[in-house]
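Please look over the sequence and the structure below. Then read on for a short tour of selected side chains.

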Amino acid sequence: MAKITHRGGWVKISSLNKKDKKNYLISITMLFIGAIFWGIHLTSVDGIMGPAQDVDPTSTFFGIIRLFIVFFWGMAVYFYNKFLKTQDELFHRYSYYIGAWGSVGFVCFGMLMSIFSPYLNFVVGFYECFLAFCIGTGIGGFIFDKKYLRDEQ
């Protein structure tokens, strides 16, 4: 079974059996490759990284890049689900917990960004709200670690 480390922020890969390690590492690799293509995509849209570059966002090049994102992230989800099916109830609880806290981060931090955006001349878009979701998952992992994994005696 997977051991959760780094204060709820990571899975200790050496704690996995051979099959789970393979599925988890393939999933992370596919996620990373998709993220590289995502970074290329970000140059064609306005967002947290600033305004779009002077490119044609509807070009064939960006169409192929976006297909690569969908393909690689789809494969990441497939292999992560294969990995998740073999894990215990604690790891399932961990997955649900960080997902729920990500949603809380999306609502709370995203709402705060939205409220303050007119005063800071800042436009809130998908990427800013995704960043808020990421902050929420980090907080959720930390709280899960403190609540379920640490012995505070």
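Predicted model: local features only at pLDDT ≥ 70, side-chain atom pairs only at ≥ 80, totals over all residues.

## Salt bridges

The count of salt bridges comes to 2. One joins D145 and R7, with the closest N and O atoms 3.5 Å apart. D145 lies in helix α4, while R7 sits in the loop between β1 (3-5) and β2 (10-12). The pair therefore ties together parts that are 138 residues apart in sequence.

R150 also forms a salt bridge with D145. Here the closest N and O atoms are 2.8 Å apart.

R7 is partly exposed, at 37%. R150 counts as partly exposed too, with 37% relative accessibility.

D20 belongs to helix α1, which spans residues 18-42. D20 is buried, yet it has no salt bridge. For D20, the nearest side chain of opposite charge is K19, and K19 is 5.9 Å away.

D20 does have a polar partner. Its side chain makes a polar contact of 3.1 Å with the side chain of Q87. Leaving aside neighbours within four places in sequence, D20 is in contact with F83, T86 and Q87.

## Aromatic pairs

The whole structure holds 19 aromatic pairs. One of them is F61 with F62. Their ring centres are 5.2 Å apart, and 75° separates the planes. That makes the pair edge-to-face. F61 is partly exposed, with a relative accessible area of 48%. F62 is buried, at 6%.

Y97 and Y148 also form an edge-to-face pair. Their ring centres lie 6.0 Å apart, with the planes at 90°. Y97 is in helix α3 (residues 89-120), and Y148 is in helix α4 (residues 126-149). So this pair ties together parts that are 51 residues apart in sequence. Y97 counts as buried, at 17% relative accessibility. Y148 is partly exposed, at 33%.

Note on methods. Residues numbered from 1 in each chain as written. Heavy atoms only, no water. Helix = DSSP H or I, 4+ residues; strand = E, 2+ residues; numbered from the N terminus. Buried < 20%, exposed > 50% of the residue type's maximum accessible area, 1.4 Å probe, protein only. Lys, Arg positive; Asp, Glu negative; His and termini not counted. Salt bridge = Lys/Arg side-chain N within 4 Å of Asp/Glu carboxyl O. Polar contact = N/O pair within 3.5 Å; in protein donor to acceptor, adjacent residues only side chain to side chain. Contact = heavy atoms within 4.5 Å. Phe/Tyr/Trp six-rings, centres within 6.5 Å; stacked < 30°, edge-to-face > 60°.
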